[in-house]
Amino acid sequence: MTTTHKTTREPAGTAGPPTGPGRFWTLRRQDAASGWLFVLPQALGFLAFVLYPLIAVVYYSFHTSNVLSGVTKYAGTKNYSQLVHDPATPSVARATVLFCIGLVVINIALAMLLAVLLNQRLRGTTVFRTLFFSPVVVSLVAWTITWNFLLQNNGGINSILHVVGIDGPNWLRGDNSALVSVVIVQVFKNVGLNMVLFLAALQGVPRSLLEAAEIDGAGAWRRFRSVVLPMISPTTLLTTIVTISGSLQVFAQIQILTEGGPNNRTNVLVYFFYQQAFDNHDFGYGSAVAVVLFAIILVLTLIQWRLRKKWVFYES
Amino acid sequence: MSLETAARRPVTLPDAAAPPRPAGRRGSRWRKPLLYALMVVLAVPFVFPTWWMITSSLLPENEVLSYPPKLLPLHPQWSNYKTAFAHYPLAHQYLNSLYIALLVTAGTMLVASLSGYAFARIPFPGNKVLFPLILSGLLIPTEVTVIPLFKMVDRLGLTNTHWPLIVIPILGAPSVLGTFVMRQFFLAIPDELEDAGRMDGLGRFGLYFRVALPLARPALASVAIFTFLNSWNMYLEPLVYETDKSNYTLPVALTQYTDAYGSHLWNIQLAASVTTVVPVLLVFVAAQRHFVEGLAQTGLKG
């Protein structure tokens, strides 16, 4: 790489790489060559590990493959119609949507609350910020294992509830409590990220606007609703979209806590995908589920583009 | 592109030393204690699980689920840690995780800074098309591409090796976030600095390596932190690609602490978990600001 650039620096006539008539290595050609050399590893990796598998997964979704014989056969839309008629599909759709809504609502509300609290500039808020953020750096699996332990029927949470006279449910085995538990575990794991984003947004709200509102007689809540909330709307939109697409990718948590149970109540789409592809070794059906997952993410991204124009109050 | 807005701006944190806001007129006497009380209550679910993980890892097996709950191990049973290492290939798995995460981090820093530099500062033909295309890799969940990738790895005879855990993250979708962060940083470098470098006779690679890269330490630190943590914590990939327990990395290894009947050996499992969590937490507390600012940029991972 270096030699190609040095050539132009050397006075014409010295021995060395191409300095032919009319100077082949013009600045433009140099830029083209070095630019492509620099991005080559990433570009090749993108072709091999992103673009190719993306096309392949669509291809596989229209085929059936027998893992034992290794034979792949064209199957039309069989895998997709299997997904439509699968008795588990309604439960999976329900679990995915409920998990997503629960996670987004609780996560965003809590992140905003924590950010507002930290933005009060009290002494010692750095300590609290560290505490609220710490689960983000704790290994997801270790965090989930610990909650699995705490949420056992005779585990820590129910022991504490028992001390104060409440008879807690068998969290991870109850039809409704299982989904609630999974949402809660995930909220506390990652809400710190959104909290930091909201905190940065709150810092960007001009003090003068708040003071003007205060002079106009607006109370704290009114100031928050009418000044702060519109000002931080770009962050709210972004964190919401990010949290939604994150909620579609909770796999380890489900596998460790509930394995999709009870009665598929927590069987979200990614877990259902894993079951079909790697527990049942049905790559054709699994690919169809993966394509559906990708389509959902794609639609969400397009909605994000549209919404940004309409909904967001201002964008710098 | 949508990814370049809002939170993609660098996140900076308030200074701890910022002047306190003058107390509000109403309820000023109760305001502070109430706010503190609220924060303490809210901190419980964030701190308590990690605390309980540590204390329970020191209890004898018959006390982990006893009632009333033991919040402090009065007679810590350190041998749980010995058991976790002696009866399971935990030391081996620990080394797997460590060397894989280090290689992936170093590789990603190189690949991402090279392409981030080119996208930011070299006007090569295709630049404007290639960048958004590669960036779209960020949108694709691991699960979507894992079947074809598994088939590819299998055809190459590389299942049950560490190759897919190292090469795919460095060159595939996970490194794209690093490229994005590096590009944002390199865009902000003033042209004058590079011009000065050119006067000194530096070529493109020299400008990248001698001028841009040394300035980019903060961005490189961010990339290093989130890349290391992503690799250290990856779960689906080792589950799919590895079959031998001795090839597992820590997250999958942690789920293996059960007795012959499949019931959990909680105290041993939690001891093993603690060994994967505490070192990271200590580094986090020491380099907090870097972590928060670095990880805030990874928002996309939800």
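**Spans, contact and one residue**

Guide: This is a predicted model. In chain B, residues 34-54 are 100% helix and 0% strand, and their end C-alpha atoms lie 30 Å apart.

Visitor: Which residues of chain B does UniProt cover with "transmembrane region"?
Guide: The unreviewed UniProt entry gives that annotation to residues 34-54, 98-120, 129-150, 162-186, 207-229 and 266-287 of chain B. One of these spans, residues 207-229, is 96% helix and 0% strand, with its end C-alpha atoms 30 Å apart.

Visitor: And which residues of chain A are listed as "domain: ABC transmembrane type-1"?
Guide: Residues 93-304 of chain A, according to an unreviewed UniProt entry. That span is 75% helix and 0% strand, and its end C-alpha atoms lie 21 Å apart.

Visitor: Where is A:I297 found?
Guide: A:I297 is in helix α14 (residues 283-311) of chain A.

Visitor: What does A:I297 touch?
Guide: Leaving aside residues up to four places away in sequence, A:I297 touches A:S245, A:L248, B:L139 and B:P141.

Visitor: Why does A:I297 count as partly exposed?
Guide: Because A:I297 has 18 C-beta neighbours inside 10 Å, whereas a buried residue needs 20 or more and an exposed one has 12 or fewer.

Note on methods:
Residues numbered from 1 in each chain as written. Chains lettered and ligands numbered in written order. Predicted model: local features only at pLDDT ≥ 70, side-chain atom pairs only at ≥ 80, totals over all residues. UniProt positions renumbered as here; feature names shortened; annotations may be inferred. Helix = DSSP H or I, 4+ residues; strand = E, 2+ residues; numbered from the N terminus. Contact = placed C-beta atoms within 7 Å.
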